[in-house]
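This report describes helix packing and aromatic contacts in a predicted model. The sequence and structure are shown first.

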Amino acid sequence: MDTQIRAQTDDSPGADPGADRAAVHRDHIEATLGAHNYHPLDVVLARGEGVWLYDTEGRRYLDCLSAYSAVNQGHCHPRILAALTQQAQQLTLTSRAFRHDQLAPLYEDLARLTGAHKVLPMNSGAEAVETALKAVRKWGYEVKGVPAGQAEIIVCADNFHGRTLGIVSFSTDPDARGGYAPFAPGFRVVPFGDADALAAAITPDTVAFLVEPIQGEAGVIIPPSGYFQRVRELCSAHDVVLILDEIQTGLGRTGAMLAEEHEGIEADVTLIGKALSGGFYPVSAVLSNESVLGVFQPGQHGSTFGGNPLACAVARAALAVLHDEGMIANARTQGAYFLERLAALRGPVRQARGRGLMLALELEPDAPSARHYCERLAARGMLVKDTHGQTLRLSPPLIVTREQIDWACDQLQAVLDAH
């Protein structure tokens with residue numbers, strides 16, 4: 001445990017020895033029984049409300065990760081909780097072998113709020129990506145006329161679309177790929193933000209271009225102005241399906257319902273997830289049109305839990321909350337203010353960047369690691385995620401206030417001053 005965090009617990013007046021023993025037991029169980037596939041900060045969270053998280057000892061933390069944008073609406077939003085509770089008392093799962101009364105209303109809500117013409121609900125974001133990959137390959141063979149087995153999908157270097165075997169086949173992250181070969185073929189990698197490289201990579205066998213509007217896991221990397229207009233033109237000219245992975249950028253995070261709105265374009269396929277559940281239940285969706293999703297016929301693709309009644313009810317409430325409570329506009333306003341405050345920070349800061357409330361603080365190469373600062377921010381009651389060594393990602397729930405942003409920046413300045 002980080003010594004600065006320990007100092008706030010072990011030395012507190014009236015510390016409970018029983019609680020200490022329970023913590024040691026919990027740590028032992030996690031170390032011996034849990035697979036070591038994450039490296040979490042050493043806080044143990046027990047409760048969440050709005051922008052705040054609380055640990056097992058009652059200490060409060062400002063959440064500046066939002067579960068990778070899954071809780072855009074804030075923790076345990078009462079309207080989403082009510083929808084979950086009500087539906088859980090009525091019907092939770094039927095499988096898609098039968099129809100149920102929550103599916104069509106979800107289709108209508110998604111079509112109205114995103115402009116989708118066809119919807120395929122799934123569970124996780126990775127499952128939505130895999131669904132899109134299957135759909136565009138099948139579209140390529142049946143609609144575009146690509147020879148059997150020759151379909152190619154172009155992706156970007158430093159992408160993050162999930163961790164399934166199919167997806168890591170086109171990852172450029174050695175940690176994501178290492179030890180998992182042989183990989184699925186049919187992918188071509190180009191630099192992110194380089195439209196000329198995309199143009200050069202397109203062949204008659206290209207069926208799709210899969211890209212994030214902003215590369216989140218790579219460190220909130222925003223492409224050059226005009227990039228996506230050119231991408232849209234290239235895809236249209238060459239009959240290539242443009243797939244935008246909006247699983248992190250969508251549903252208000254960047255100050256618009258979908259990040260594509262900032263670029264003035266429309267994708268052929270849009271992938272959403274995370275905040276579609278408001279943090280309550282895994283829900284994702286593939287949004288497209290009849291040409292692409294119409295290639296699926298009964299029995300050709302599915303999921304036991306995809307589009308289940310509980311998921312649909314939760315997603316409908318999560319979408320309504322974003323729209324009705326002005327969260328998207330707040331993300332736009334507060335995000336601009338947060339970025340302004342980040343840019344004014346003193347210390348080993350190389351760059352502040354972002355759009356809406358999807359922000360990053362990149363540190364100088366010779367500064368202590370971003371993980372170092374995350375640990376010290378946790379000790380001050382602020383939870384932030386590091387990525388790529390020297391970058392801090394800052395993505396609070398969309399309900400964050402100006403006062404909370406000011407407090408967060410004060411904590412950042414304090415740890416930067418003390419490095």
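## Helix packing and aromatic contacts

In helix α4 (residues 78-88), the buried residues are I80, A83, L84 and Q87. Viewed down the axis of α4, these buried residues fall within an arc of 100 degrees, so they line one face of the helix. Helix α13 is included in what covers them.

Helix α14 spans residues 327-343, 17 residues in total, and reaches 23 Å from its first C-alpha to its last, close to the 24 Å expected at 1.5 Å a residue. Its buried residues are M327, I328, A331, Q334, G335, Y337, F338 and L342. They pack against α13 (309-324) and α16 (402-417), and also against the strands β11 (349-355), β12 (358-363) and β15 (391-394). Over the face of Y337 lies R402, at 3.8 Å from the ring centre. R60 lies over the face of W52, at 3.6 Å from the ring centre.

The structure holds four aromatic pairs. Two of them are tabulated here.

| Pair | Centre to centre | Angle between planes | Class |
|---|---|---|---|
| F170 and F187 | 4.5 Å | 45 degrees | tilted |
| Y227 and F228 | 5.0 Å | 70 degrees | edge-to-face |

The pair of F170 and F187 links distant parts of the chain, 17 residues apart: F170 belongs to the loop between α7 (165-168) and α8 (174-177), and F187 to strand β6 (residues 187-190). F170 has 1% relative accessibility and therefore counts as buried.

Y227 is buried, with a relative accessible area of 3%, and F228 counts as buried at 1% relative accessibility. Together with F192, Y227 and F228 form one aromatic cluster.

Technical notes
Residues numbered from 1 in each chain as written. Predicted model: local features only at pLDDT ≥ 70, side-chain atom pairs only at ≥ 80, totals over all residues. Heavy atoms only, no water. Helix = DSSP H or I, 4+ residues; strand = E, 2+ residues; numbered from the N terminus. Expected span 1.5 Å × (residues − 1). Buried < 20%, exposed > 50% of the residue type's maximum accessible area, 1.4 Å probe, protein only. Contact = heavy atoms within 4.5 Å. Arc of directions from axis to C-beta. Phe/Tyr/Trp six-rings, centres within 6.5 Å; stacked < 30°, edge-to-face > 60°. Lys NZ or Arg CZ within 6 Å of the ring centre and 35° of its normal.
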